[in-house]
Amino acid sequence: MNGARDRDEAPPSARGCGPSLVLLAAAVPMLALALALRGTPEGTVSLAAFVGLLGASATYHVRTLRELVRLVPRPVGWLAGVAVLAWVAADVWWDAIARQHVFETFDWPIHHALVEAMREGLERGAVPRWVMDLSTGDSPFELYPSLTPRLVAELARWLGPDVPVPKLLVGTAVGAHLALAIAVFTLARRVAPGWLALVAALAAILDAGSVVSGGIVALFHFALLHQGIGLALGAWTLVCILSYISSPRVPVALAVWVLAAIAGVAHPLMLLSHAALAAALVLGSLVPTEVPRARMLGAALHVLVGTALGAVEWLPYALRLAEHGVVYPMAPWPLFELTAHALTGATAEATFRPLVAAGLLAALLAIGSRRGPAVVLGGVALLLVLATADTVWLELGLAPSRWSASLALQRLAAPAKIALWPLSAWLLARLFAVTAGTSVRARTGSCALIGALAALLLAFGARGASAWYVAHRDWARGTFTARWNPDPGGFEALTAWLRDEQRRVGSDRCARLLAENGQHWVHQIALRSGVPVFYVGPIPMLFLRERLESPTPEQLQQFCFRWALRHDRPPSFGAEETERRFGMFYVRELPSWDGAFARIARGEGQLRVLARDDERVVLEIEAREPVLVTLATGYYPRWRAFAGGAYRPAVAVPVAEGARSHLLGFELPPGRAEITCDAPLPSDDAGWPVALAGAFAAVGWALGRMRRVRGLVRRAALVRRIPWPTARTVGLAGLGALGVAAAASWIARREAPAEALVLSAFGSMRTRVEASVRGAPWRPCEYTALSGWYTCEGAGRVLGTMATVLRDHPASWPWLTPAVRVYPLAEQTAFRIRSVRRLGGSYVAGVDDARATAILSRGDEPPIALDGWTELDFGETAPRELSLEIRPHGRQPVGVALVRSSHLRRDRDASESRAPKTALTFARPRGPSASP
């Protein structure tokens, strides 16, 4: 009896080769028939039978093969996987690196221009702050991370002046993408077998993705190089964290600090990713795993320490960007849409959506797996995916705020995929483990069936997979070579003519080009001709808000525009008699241009420009008294003037009456004045306290690792002398104080004025939504907690969400704030939201469809009709009924927002009038419900 049971529990390879030889013997005649009848249906069936029998025979030796694989050292297996990934990267992108590139699409021209400016600055011995000859005056190295252009520029200087910058940019992108795939492979090997880890890594390296979820489209097509480098560094930070919780060593902790610091400097997205990683480690300390809780918490501390150390760089530019930069938000998904996307694998868009969906399912299962690496990966994925949902930000009170108003929350799906790929491999490994854990009799049949199916898939799917890979490879190569310019000859003639004209202008004058239509490719004109180019469109090319608002002659003259360009027909601006044509490109001169880079805006006198470059302007002023001088560039407080023996700060001068943008101005006395871009800003030293706190924590941890020092600290600790009852009393008192403080904070928030009109689950208990169709009586709408919708029968639906509605500046995108969005189902539909709110102070309200009607009323006060940007002032804070009536135009969705003004960027001068209600008159109009 025991012998029979032992034979049943023995592995198939230990019971001899009988079944395997029988299957092989049966496969031989199938092969003979397939060869004899090839090209016929019978031959195809015979070939399928042969392949299936061969695969079934091989499964009887799967245990032996597994044992042989285990004999291979882990470093050798890792190197083999890296070699495969490197071969795939070289096969896909080597031709792209070797090709001569002329960037004309998306962000590649901007990267090229910034790297060239950075290289010129480094050759002069300093990192540039300002780039005068790109637009109407911008500061990309001040208002955005300069790590990427500096990295490529330093590489260009090291390789020599003959190395083309486009090749270095392409090579950097390929290197970042390969590094990310290798990190995914390393992470997956922590939780799954090597071959499944390689599958996950291949999915990562061949993933098309999207602009918000990373992958080939984001990195290579849209040229999000900053994000690609940040994702690669963030992935390796996660690799080091999993290594640390497995074996806490000092070199691994140091690697976490360095990688986390550089990743935060590379791209702001990684700051939120690090926060999710630290929170996942804290979550892992609360879940029973094989990793000690103290080690999980220590790993979270290391992530925070590394992020804090990088605050010297990322915090100053974050503060400057919040104060002076453009808005670049992306609204999160409503929670019900996020759930639907998760079921289809479309939350983090990918080529291999089933793997993404498997990773999302695995993230839920991994939390209860009791394995430390799987718990951390699952926590990171879940937190980042949930952070892309509007409900999380609304219900937790994270919005509105000055920081959340500018976030691109959908991009959190990109770092989420770093954890989703390994989790999909982990789930597949668990499924295989379940199959392998059954009895030998059951496993024999299942393994034979799996082997037969796998062999058939490999045999008949190889040709299809090969064709798909070749097509995907060619498409990936084309992402670099995508060209907009249909007239290269005309483009070359245009840039050559502009280069000659720019030489005649001279350094004491300025001349800019206004591109009436076009996009990122206009920066190639700046690169080849030296003429600063400003592109008119809904996407801010660079980051400073102080720029052209309206194409009035006054503003065109203030910013020193000389030419107007259009590539399909003559431009709308400029003198017709000055028109020149270069192929499909049309250029006209603007009659308002006078070439003055500096002019006296107030006072009487004359001035001359003695010298000018990107960061230095020398003026000679002839006047009897001080005058107000403006320069043809946007205001930025980094500029200062040395005149009359003292430094004088910059002055923000409106470009026109009622305009929101400002010119750079100075109050200067007669004589010589030197204007430089080197004034100190309050944000310059903002990162040092955070970095020093991180440094102290790092030093404390390092000292704690030293046994001798740790022993001295323990012997000298006063805590050991405190009796346990006293310590317990102190601890309970501290917890009680924290509870009282939390309760007081909650009560204070309830008594404080509302931060915004938030229509959410908690708000629904004191909110009533009604609808009316074609003048019918108002009927109540039903709230569904699962979806977050207010459903109005026959009228439509109402949703409380976060959206980009309020736009205060024509040269920027709207803010991301809480909003109410209605979706009508019929014509002549009206929606009414009634709620008791405590309002007080200054608010901003707006609607994103100029054809819709939105009327706000409070109590017995007269109703207010809202437009794109309406400033409101509520003096009292007593709760009063608030009514918002929305009448969409036709069946077009419309969004309405009401937010406290303190959460949005304010004017530098409160006396200035607000921005125009509409966008630039010469920009292409957008749809009525679309956010710009």
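Gln828 counts as exposed, at 58% relative accessibility. The model is predicted, and in it this residue has a positive phi of about 55° although it is not a glycine. Gln828 is found in the loop between strand S20 (816-824) and strand S21 (829-838).

Cys560 sits in the loop between helix H25 (553-558) and strand S3 (561-566). At 1% relative accessibility, Cys560 counts as buried, because the cut-off for that label is under 20%. Gln828, in contrast, is over the 50% cut-off and therefore exposed.

Next comes a peptide bond. Ala399 and Pro400 are joined by a cis peptide bond, with omega about 10°. Pro400 has its place in the loop between helix H20 (390-395) and helix H21 (413-436). Why do such backbone values deserve a look? Most residues other than glycine have a negative phi, and most peptide bonds are trans.

Now to confidence. The chain has a mean pLDDT of 83. Of its residues, 83% reach 70 or more. Helix H12 (residues 225-246) has the highest confidence, at 96, while helix H1 (residues 2-9) has the lowest, at a mean of 44. Over residues 1-16 the pLDDT is below 50, and this stretch has 14 contacts in the model beyond near neighbours in sequence. Residues 438-443 also stay under 50. For them the model has 11 contacts beyond four places in sequence. Where pLDDT is low, the predicted coordinates should not be read in detail.

Definitions and conventions. Residues are numbered from 1 along each chain as its sequence is written. This is a predicted model: local features need pLDDT of at least 70, side-chain atom pairs count only at pLDDT 80 or more; totals for chains, interfaces and linings use all residues. Side-chain values use heavy atoms; hydrogens and water are left out. pLDDT is the predictor's confidence in each residue, from 0 to 100. Helices (H or I, at least four residues) and strands (E, at least two) are DSSP runs, numbered from the N terminus. Contact means heavy atoms within 4.5 Å. Buried means under 20% relative accessible area, exposed over 50%, partly exposed in between (1.4 Å probe, protein chains only).
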